Amino acid sequence: MQNQVQASPELAAIEVESLNRSTFLIRGVLAAGAIYGAASMTPIIRKAFAQGASKGDIEILNFALTLEYLEAAFYKEGANVKGLSEEVAGYVETFGGEEQEHVDALKATITDLGGKPVEAPAVDFGDAFSSQDAFIQTAITFEDLGVSAYNGAAPMIESKDLLATAGGIVQVEARHAATIRFAAGEDPTPQAFDPALTTDEVLKAVQPFLA
Amino acid sequence: MSNTPRKQSAVTRLARDPVSRRRFFALTGGTTAAGALLVACGDDEEETATGTTSSSSTTDEEMTSQFGEGDLGIVNYALTLEYLEAAFYAEVVKSGLFKGDDLALIKQIGAAEQEHVDALTATAKQLGGPPAEAPMAKFPLDDAQSVLELAATVENLGAAAYLGAAAMIEDPEILAAALSIHSVEGRHAAVLNVLTGQEPTPDGAFAMGADMQTVLDEVQPFLA
C-alpha cells in the first residue's frame, strides 16, 4: 500500500460524498450537520491516522480503538475504587472485560487488514476514582460518548462486514450506558434517538482524560 | 503468518466461542472489501473466507420483497417492528399491572417507540412510500413479571433486528438514522434485562444481529 501524502488525511477519512447529497430525512432527529463537520484534530488522533494505512476503514477502526483503550483503562483502574456496591463492582468487571475484548478485536482486525493499530494513549482520569458517584458519572460519560462516536463514524465505514461488527460493538456500549445510568437512578434512555458525534467532537470530549 | 501473543489469545477465545467465531469470520473473511483485501495480501486466512457463506442471505432477499425493495423495504420492516413495540407498551400501560417507577419507565420506553414509528413513517414517505401499516397485534398480559420478561424479549429482538439489517442499508443518512434507533433499542433491552434478572449484555462483548426471517418468526405469535 502506498504511503500517500495528503494535506489532511484525517479529513479524507471523515468525508463521505453521499452524505452531502441533499436527501430528505429525519431532520432534527439527528444532529445531521454534525456528521458533515470536519474541523481540526487533536494530536493523539493525528498520530492515529498517521500510523494507519490510507484506507478510510482502518482509520475509523483506529479511532474506535483509541476510545476502547480509554474505556478499558478506565474500568481497569475503576476496579480499585473503594466502596463500590456489589452491583456496580460486578458491572466494572463485566463491562471492563468487554471493553478489553473490543480492544483486542479491533487490534487484530486492523492488523488483518494490513493496517497498524495505534498505541494506547496515556490516560489521566483525574478524581474519577474518588468515590462511587464520581466513578459512575465518568463511566456514564464514557459509555454515552462511545455510543455517539460509533453512531457518528459507522455510516462512513465502507465494508459491510466491518459495519456489522461496529454495530455489534455500539449496541454493547449502549447496553453499558443504560445499565450504569439505571443503577445510578438516572434515565437509561435520555433520548428516543441516540445522537451521533463527529470524530472531532468525540476527541474534544476525551481530551480531559488524556495525560 | 506471524502470530503475536495478542492475536493468539483472541483466536483461542474465538475457538471456544461459536458466537464470536461466527462474528470473527464475518469480520475477517467476508466476501466484500475485507475478504478481498485479505486475499490480495496473500494472507493465509483465505480458507477463513471459504467458510463464510451466509446461510441467511437468500432468506433476507426474499423477506425484503415482503416489505418492498431496498432501503424502503428495510424501513418498512423496521416500522412494522416499531408498531408492534409501541402497541405492546400502550397495552401494558392500560393493563394497570404497573405503578410508580416501573410504570414511568414503561411509559418512557413506549413513548420512544412511538417516536420511532413517527420517524420511520415519515422516512418511508420520503423514500416514495407507502409506509407499512400497523399490524394487528395481541399480547399476553397476565402479570407484571411475565410482561417485563416479554418486554425484554421484544427489545432484545428489536436491537438484533436493527443490527441484522444495518449492513443492508444503502443510504448513509438512513443508516445513520437506523443506528440512532438501534442503540436506543439496545438501551431498552439492557434495562429490561436487568429488571428481569438477566445479563445486560447477554451476547457478551459483541451483540449479535438477527436476520429478517428469524425476527419475523419470533414476532409471529403476537400478530392477530
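Predicted model: local features only at pLDDT ≥ 70, side-chain atom pairs only at ≥ 80, totals over all residues.
Mentor: Residues are numbered from 1 along each chain as its sequence is written, chains are lettered from A and ligands numbered from 1 in the order in which they are written, and side-chain values use heavy atoms, without hydrogens and water.

Trainee: How many helices does chain B have?

Mentor: Helices (H or I, at least four residues) and strands (E, at least two) are DSSP runs, numbered from the N terminus. Chain B has zero strands, and its helices number 10.

Trainee: Is A:Phe63 buried or exposed?

Mentor: A:Phe63 lies in helix 4 (residues 56-78) of chain A. Buried means under 20% relative accessible area, exposed over 50%, and partly exposed in between (1.4 Å probe, protein chains only). The relative accessible area of A:Phe63 is 4%, so the residue is buried.

Trainee: Why is the pair of A:Phe74 and A:Phe135 stacked?

Mentor: The structure holds 16 aromatic pairs over all chains. Rings of Phe, Tyr and Trp (its six-membered ring) pair if their centres lie within 6.5 Å; planes under 30 degrees apart count as stacked, over 60 as edge-to-face and the rest as tilted. The centres of A:Phe74 and A:Phe135 are 4.8 Å apart, and the pair is stacked because the planes stand at 10 degrees.

Trainee: Which helix of chain A holds A:Phe135?

Mentor: A:Phe74 lies in helix 4 of chain A, so the pair ties together parts that are 61 residues apart in sequence. A:Phe135 lies in helix 6 (residues 132-153).
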